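This report looks at a few side chains in one protein model. Please keep the sequence and the structure at hand while reading.

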Amino acid sequence: MPDRTTTPASARPAAAPRASRPRRLGGPAPVLAAALLWGTTGTASSLAPAGAPAAAVGCAGLALGGALLFLTARGVRALPRACSRADRALLVLGALAVAGYPVAFYPAVARTGVAVATVIALGSAPVLAGLLAWATGHGRPTARWTAATAGAVLGCALLVLRPWLTGAGTPTDPVGVALAACAGLAYAVYSLIGGRLITGGHPSGAVMGVLFGAAALLVLPVVLLTGADWLGSVRGAAVAGYLALFTVALAYALFGYGLRRTPASVATTLTLAEPAVAAVLGVAVLGERLPAVSWAGLAVLGAGLVLLTRPQRRRPGHGVRPSRERGQTRGL
């Protein structure tokens, strides 16, 4: 006689899906960790020797960090051979975008200040990424993403633009604004390209290694032409080493890993946590003071990021709608 205590497999209740937690750990968590590391850039670069050009400091970090990513990532040398002609063209375009970001962003900082340049570059990047993804047929912006991104951008603006909101800031340079927008476009482009190549099956480490290794060669002349004497000091070498190791090599390795399960439009919104981290570090390390409006912006920014990373509840009986591209519907 069959064992009556044994339940037929077909009658057993379906096991609760356990993939949601690994998906969150494989998506938002690495991206937010990368944003945390990027948030230390301002504090670290402020410790560079007096007289070190801002563009040289940023490009030096990219050059050293990009070379480190290229040398340590697995499959870097095999990736171009494994790519199709279209993917190789994307690698070239992505490397140009990576190199273009510091070239546009740091002159924007010199013309408009850190606050305005940061808000325009980081604030425009997720919007541009979402629109570019939509235009190229890789995902239509959802209402949840739109609301979270709008809240995060608003919070970012309130956090760092207090002098301009209260009328105490200096007039904004239109050329600096245009350069900051170009930096945001560059960020959106290489995030989308990296996400497309990674979700297409290529190793994230190899993709980031090729993009940033090629960009390192492209920005090296900028370092040499703007002056590299500051790198000969202990402080200069320490700052450049920190930027290369933590804000480029480690941060973009985490960012690439997160892009495997997070759409680029979502990832660029999550990285708006960077100015929040920078603001908190400024208070804790540099002794800066934030007014009430900036703390309110920090709260709004945090709420937008929580909305974006919160698991979405599914209605009973409704499955996940198929997506045209892997990674575009996960978590959102």
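The model is predicted.

**Aromatic rings**

A pair of aromatic rings is described by the distance of the centres and the angle of the planes. The structure holds 11 aromatic pairs. Two of them involve Tyr-187, as the table shows.

| Ring pair | Distance of centres | Angle of planes | Class |
|---|---|---|---|
| Tyr-187 and Tyr-190 | 5.5 Å | 50° | tilted |
| Tyr-187 and Phe-255 | 6.4 Å | 40° | tilted |

Why do these pairs count as tilted? Planes under 30 degrees apart would be stacked and planes over 60 would be edge-to-face, with the rest counted as tilted. The planes of Tyr-187 and Tyr-190 stand at 50°, so that pair is tilted. The planes of Tyr-187 and Phe-255 stand at 40°, so that pair is tilted as well.

Where do the partners lie in the chain? Tyr-187 and Tyr-190 are 3 residues apart in helix H10, which spans residues 174-199, and this spacing means that about one helical turn separates them. The pair of Tyr-187 and Phe-255 links distant parts of the chain: Tyr-187 belongs to helix H10 and Phe-255 to helix H12, 68 residues apart. Tyr-187 and Tyr-190 are both buried, and Phe-255 is buried too.

Ring pairs also join residues into a cluster, whose members are Trp-38, Tyr-101, Phe-105, Tyr-187, Tyr-190, Phe-212, Tyr-252 and Phe-255.

**A nonpolar patch on the surface**

Which residues form the nonpolar patch on the surface? They are Leu-68, Leu-245, Phe-246 and Leu-250, and together they have about 300 Å² of accessible area. Helix H12, residues 234-259, supplies the largest share of the patch, with 3 residues. Leu-245 sits in helix H12. Its relative accessibility is 41%, so Leu-245 counts as partly exposed.

**A histidine in a loop**

His-202 is found in the loop between H10 and helix H11 (204-226). Is His-202 buried or exposed? Residues under 20% relative accessible area count as buried. His-202 has 12%, so it is buried. Its side chain makes a polar contact with the side chain of Asp-87, at 3.3 Å.

**Cysteines**

How many disulfides does the structure hold? The number is 0. Cys-59 has a relative accessibility of 1% and therefore counts as buried. Cys-182, with a relative accessible area of 45%, is partly exposed.

Terms used: Residues numbered from 1 in each chain as written. Predicted model: local features only at pLDDT ≥ 70, side-chain atom pairs only at ≥ 80, totals over all residues. Heavy atoms only, no water. Patch = residues over 30% accessible without salt bridge, like charges linked within 9 Å, V, L, I, M, F, W, Y side chains within 5 Å. Areas by Shrake-Rupley, 256 points an atom, 1.4 Å probe, with all protein chains shown as cover. Salt bridge = Lys/Arg side-chain N within 4 Å of Asp/Glu carboxyl O. Helix = DSSP H or I, 4+ residues; strand = E, 2+ residues; numbered from the N terminus. Buried < 20%, exposed > 50% of the residue type's maximum accessible area, 1.4 Å probe, protein only. Disulfide = S-S within 2.5 Å. Phe/Tyr/Trp six-rings, centres within 6.5 Å; stacked < 30°, edge-to-face > 60°. Polar contact = N/O pair within 3.5 Å; in protein donor to acceptor, adjacent residues only side chain to side chain.
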